[in-house]
Amino acid sequence: MDDKARKAEQLLEERARNKKPNGHTTVDEDNTSADRPADVRNDQQEGASAEATDASLAQLQRLAADFSNYRKRMEAERLDYAKFAKADLIAKLLDILDAYDRALATIPEELKTSSWVEGMWLIERKLRQILEAEGLQAIDSLGRPFDPYQHDAVAHVESDEPEGTVIKEHQKAYRLHDRVIRPAMVTVAKKRE
């Protein structure tokens, strides 16, 4: 190793030992080369110090940007979790809502005006309002093209309707905010042979 490389290495080691918390360094004049003029030594020290400061600043900016991105990502995940935390409970309540719909559809005409039937209608409407306030929306399927993200086909039946059209809905589909939490069970049209 030549003399200049050894001196440069010693200078770097000295700067690493004397680094202050803000990234600035101090160098003793005793350890610098005596054969260089003082203004050259000062220029070299200032240049090295400026480079170290620039590198530290760039690293700090990257770290701040990474932290900002992490904070935004965590906030988005927290909001998403809060929005869909109730999805399992709401999906279970949909079975009750379906049972109400089936029961109320089978009531004979002469009983529809009785007070207990009106109470059942009131309970069904209240349950539906609560679920809609939480972000639940029914998805209409009849007459629409089959969509595997919104429909489960339970049968394919020959029909005059265009092929791939939903012709019967056995169970309604529901969406919570922008996510389907229960697909519809449907019968899909196929061409007549």
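Predicted model: local features only at pLDDT ≥ 70, side-chain atom pairs only at ≥ 80, totals over all residues.
Strand β4, residues 173–176, and strand β5, residues 179–182, run antiparallel and are joined by three bridges. Together β4 and β5 make a hairpin that leaves two residues between them.

H177 has its place in the loop between β4 and β5, and its phi is near 60°, a positive value in a residue other than glycine.

## The ring contacts

R179 also takes part in a contact with an aromatic ring: its charged end sits over the ring of F84, 3.8 Å from the ring centre.

A search of the whole structure finds one aromatic pair. That pair is formed by F67 and Y70, with 6.5 Å from centre to centre and 35° between the planes, and it is classed as tilted. Both residues lie in helix α2 (residues 38–84), three residues apart, or about one turn of the helix. An α-helix has 3.6 residues a turn, so residues three or four places apart point the same way. Y70 is partly exposed, at a relative accessible area of 41%.

## The open sheet

Three strands, in the order β2-β6-β3, form an open sheet with mixed pairing. Its edge strands are β2 (151–158) and β3 (166–171), each of which pairs on one side only, and the twist from one strand to the next averages 25°.

Strand β6, residues 184–190, pairs with β3 in the antiparallel sense over four bridges. Within this part of the sheet, Q171 has M185 in β6 as its bridge partner.

## Helix α3

Helix α3, residues 87–105, contains 19 residues and reaches 27 Å from its first C-alpha to its last, close to the 27 Å expected at 1.5 Å a residue. The buried residues of α3 are A87, I90, L94, L97, D98, Y100 and L104. Because they cover an arc of only 160° around the axis, they are placed on the same side of α3. On the other side of α3, the residues D88, L89, K92 and R102 are exposed.

## Helix α4

Helix α4, residues 115–133, also has its span in agreement with expectation: its 19 residues should span 27 Å at 1.5 Å a residue, and its end C-alpha atoms are 27 Å apart. In α4 the residues V117, E124, L127 and L131 are buried. Seen down the axis of α4, the buried residues fall within an arc of 85°, and they therefore line one face of the helix. On the other side of α4, S115, L122 and A133 are exposed.

## The chain as a whole

The secondary structure of the chain comes to four helices and six strands, and from the N terminus on these elements run α-α-α-α-β-β-β-β-β-β. Of the 193 residues in the chain, 22% are buried.

Technical notes. Residues numbered from 1 in each chain as written. Heavy atoms only, no water. Phe/Tyr/Trp six-rings, centres within 6.5 Å; stacked < 30°, edge-to-face > 60°. Buried < 20%, exposed > 50% of the residue type's maximum accessible area, 1.4 Å probe, protein only. Lys NZ or Arg CZ within 6 Å of the ring centre and 35° of its normal. Expected span 1.5 Å × (residues − 1). Arc of directions from axis to C-beta. Pairing = 2+ DSSP bridges. Axes fitted to C-alpha atoms, helices over the stretch in contact; angles between N-to-C directions.
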